[in-house]
Amino acid sequence: MTTINRLIQDESGATAIEYGLIAGLVAVAIIAALTALGTSLSDLFTEVSDTVSTATAS
């Protein structure tokens, strides 16, 4: 019975799980930010490319 009580009260693994969840949430936030930034950069480079193409065609 003492062993079972010790296992129930042991919280050492909980901290590792919490850190894992935090790292997962940070990764999701970074991926979302980079996806939004990537789309914005793609639009910007397309606009610059179109402008340069128009300027060189004249």
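Reply: A helix here is a DSSP run of H or I with at least four residues, and helices are numbered from the N terminus. The model is predicted. By that definition the protein chain has two helices and zero strands. The part to look at is helix α2, which covers residues 12–57 and contains Leu 37. Ser 53 also has its place in helix α2. Helix α1 runs over 2–9, and Asp 10 sits in the loop between α1 and α2.

Next, the surface. Leu 37 belongs to a nonpolar patch on the surface, together with Tyr 19, Ile 22, Val 26, Ile 30, Leu 34, Leu 41, Leu 44, Phe 45, Val 48 and Val 52. These residues have about 1100 Å² of accessible area together. Leu 37 has a relative accessible area of 45%. Since buried means under 20% and exposed means over 50%, Leu 37 therefore counts as partly exposed. The same cut-offs apply to Ser 53, which is partly exposed because its relative accessibility is 42%.

For the chain as a whole, buried residues make up 0% of the 58 residues. The accessible surface of the protein chain comes to about 5100 Å², and carbon and sulfur atoms account for 68% of it.

Along its principal axes, the C-alpha trace of the protein chain spans about 85 × 10 × 10 Å. Its radius of gyration is 26 Å, whereas a compact globule of 58 residues would have one near 10 Å.

Ser 53 and Leu 7 are 46 residues apart along the chain, and their C-alpha atoms are separated by 69 Å. From Asp 10 to Ala 29, 19 residues apart along the chain, the C-alpha separation is 31 Å.

Conventions
Residues numbered from 1 in each chain as written. Predicted model: local features only at pLDDT ≥ 70, side-chain atom pairs only at ≥ 80, totals over all residues. Heavy atoms only, no water. Patch = residues over 30% accessible without salt bridge, like charges linked within 9 Å, V, L, I, M, F, W, Y side chains within 5 Å. Areas by Shrake-Rupley, 256 points an atom, 1.4 Å probe, with all protein chains shown as cover. Salt bridge = Lys/Arg side-chain N within 4 Å of Asp/Glu carboxyl O. Buried < 20%, exposed > 50% of the residue type's maximum accessible area, 1.4 Å probe, protein only. Rg over C-alpha atoms; globule rule 2.2 N^0.38 Å.
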